[in-house]
Amino acid sequence: MNQPAVQPANPVPKRRPVSVMLICALLVLEGAAVLFYGLSYALQLGDAGALGMGARLFMLVLILAAGVWQLLVAHFFFRGRAWTRAAALFWQVFQIILAF
């Protein structure tokens, strides 16, 4: 009556490749840096500047959303979702464009 469980032909490896771990670590580091910048930006909201308060709050929301998004991309990249490759690549290109 009791039959042994059928083993899959290609078992899923328990360990992630080193490259996946490295990319996840870099994505988490980038996301944490963006969130840290958002915290720094939030602490300077009361300072005088060229933008009105509405624009400053909008920028703060965008910064925090980008940081949270980056952390979510890192999480789902670690879990093996295919769509995260495009999101991570877009983020890298976006940073290069903003750097110039």
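Reader: Is the crossing of α1 and α2 left-handed or right-handed?

Author: In this predicted model, the crossing of α1 and α2 is left-handed. Helix α1 covers residues 18-43 and helix α2 residues 53-78. Their axes lie 8 Å apart and meet at an angle of about 165°. Angles over 145 degrees count as roughly antiparallel, and α1 and α2 are therefore roughly antiparallel to each other.

Reader: Which classes of residue make up the contact of α1 with α2?

Author: That contact has 23 nonpolar, four polar and two charged residues.

Reader: How many aromatic pairs are there?

Author: Ring centres must lie within 6.5 Å to pair, and the count comes to five aromatic pairs. One of them joins Trp69 and Trp83, a tilted pair at 5.7 Å centre to centre with 35° between the planes. Trp69 lies in helix α2 and Trp83 in helix α3 (residues 83-99), so this pair ties together parts that are 14 residues apart in sequence. Trp69 is partly exposed, at 41% relative accessible area, and Trp83 is partly exposed at 38%. Ring pairs also link Trp69, Phe76 and Trp83 into a cluster.

Reader: What kind of pair do Phe90 and Phe94 form?

Author: Planes under 30 degrees apart count as stacked; Phe90 and Phe94 form a stacked pair, with 20° between the planes and 5.7 Å centre to centre. Both residues lie in helix α3, four residues apart, about one turn of the helix. Phe90 is exposed at 55% relative accessibility, whereas Phe94 is partly exposed at 35%.

How values were computed: Residues numbered from 1 in each chain as written. Predicted model: local features only at pLDDT ≥ 70, side-chain atom pairs only at ≥ 80, totals over all residues. Heavy atoms only, no water. Axes fitted to C-alpha atoms, helices over the stretch in contact; angles between N-to-C directions. Helix = DSSP H or I, 4+ residues; strand = E, 2+ residues; numbered from the N terminus. Parallel < 35°, antiparallel > 145°, perpendicular 65-115°, else oblique. Left-handed = near helix turned anticlockwise from the far one by under 90°. Nonpolar A, V, L, I, M, F, W, Y, C, P; charged D, E, K, R; others polar. Phe/Tyr/Trp six-rings, centres within 6.5 Å; stacked < 30°, edge-to-face > 60°. Buried < 20%, exposed > 50% of the residue type's maximum accessible area, 1.4 Å probe, protein only.
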